[in-house]
Amino acid sequence: MTQCQHVRGDGTPCRATFGLRGGFCWNHDPTRAAERAAARAKGGKAKAAKERGLGPKDLPGELETAADAARWSSWATRAQAIGLIDARMAGQTFAGLKTFMAALDKAGREQNLEQRLAELEEQWSEERAQLLARIAELQGAR
Ligand SMILES: [Zn+2]
C-alpha cells in the first residue's frame, strides 16, 4: 500500500496511507500548506472531506460485520490523529458505529430466536408423533 513519503524529524516515515495527493498526506503535502494554515486559522474547523482529497477509496471498505466496524473504528482513530478528520467527524463516525453494532446485535439475537423456535417446533413434532404412536398402541391393546 502506498504511504505518505514524508520522513519525520526522528527519521521514521509518516505512515498515513489515505488522503494522499502527490505522494503526501494532508499533513505533509507541501502544496496543501496554505490549506492547512487556513484550517488552523478557522480554529480547527474541518474542511469538507472532499476538499481534503478524501474519497470513497480512502474509507475502510464495507460496513457489514463486527470486524468491519472494528476496522472503521481503527481508521477513524488514526484519521483523527493525523488531522484528516476532526473530532466532530470522528465523534459522528463512532456514534454511527455504535448504532450499527446495536442493530447488528439485535439482528443476531432475532436470528438466534428464529433458530431456537425452529428447533423447538422440530422437537415438538417428534414428541407429538411418539405420543400419537403410543396412544394408537394403547387403543390397540384394549
Ligand atoms: Zn504524512
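Helices here are DSSP runs of H or I with at least four residues, strands are runs of E with at least two, and both are numbered from the N terminus. By that count the protein chain has 3 helices and 0 strands, and along the sequence the pattern reads α-α-α. The radius of gyration, taken over C-alpha atoms, is set against a globule rule of 2.2 Å times the number of residues to the power 0.38. For this chain the radius is 28 Å, well over the 14 Å that the rule gives for 142 residues, so the chain is more spread out than a compact globule.

**Before you look**
- This is a predicted model: local features need pLDDT of at least 70, side-chain atom pairs count only at pLDDT 80 or more, and totals for chains, interfaces and linings use all residues.
- Residues are numbered from 1 along each chain as its sequence is written.

**Overall layout**
- Taken along the principal axes, the C-alpha atoms fill a box of roughly 100 × 30 × 25 Å.
- Buried residues (20 or more other C-beta atoms within 10 Å of their own, with C-beta atoms placed from the backbone) make up 11% of the 142 residues.

- Helix 3 covers residues 87-141, which is 55 residues.
- From first C-alpha to last it reaches 80 Å, close to the 81 Å expected at 1.5 Å a residue (that is, 1.5 Å times one less than the number of residues).
- Of its 55 residues, the number buried is 1, so helix 3 lies largely in the open.

- The contact (C-beta atoms, placed from the backbone, within 7 Å) takes 10 residues from domain 1 and 7 residues from domain 2.

**The core**
- A nonpolar core is a set of buried Ala, Val, Leu, Ile, Met, Phe, Trp, Tyr and Cys residues joined through C-beta atoms within 7 Å.
- The largest one has 12 residues in all, among them Cys 4, Phe 18, Trp 26, Trp 72, Ala 76 and Ile 85.
- Helix 2 (residues 66-81) gives the most to this core, with 3 residues.
- Domain 1 and domain 2 both give residues to this core, so it lies between them.
- Leaving out residues up to four places away in sequence, Ala 76 touches Ile 85, Ala 90, Thr 93 and Phe 94.

Terms used
Two residues are in contact if their C-beta atoms, placed from the backbone, lie within 7 Å. Domain bounds come from an automatic or database domain assignment.
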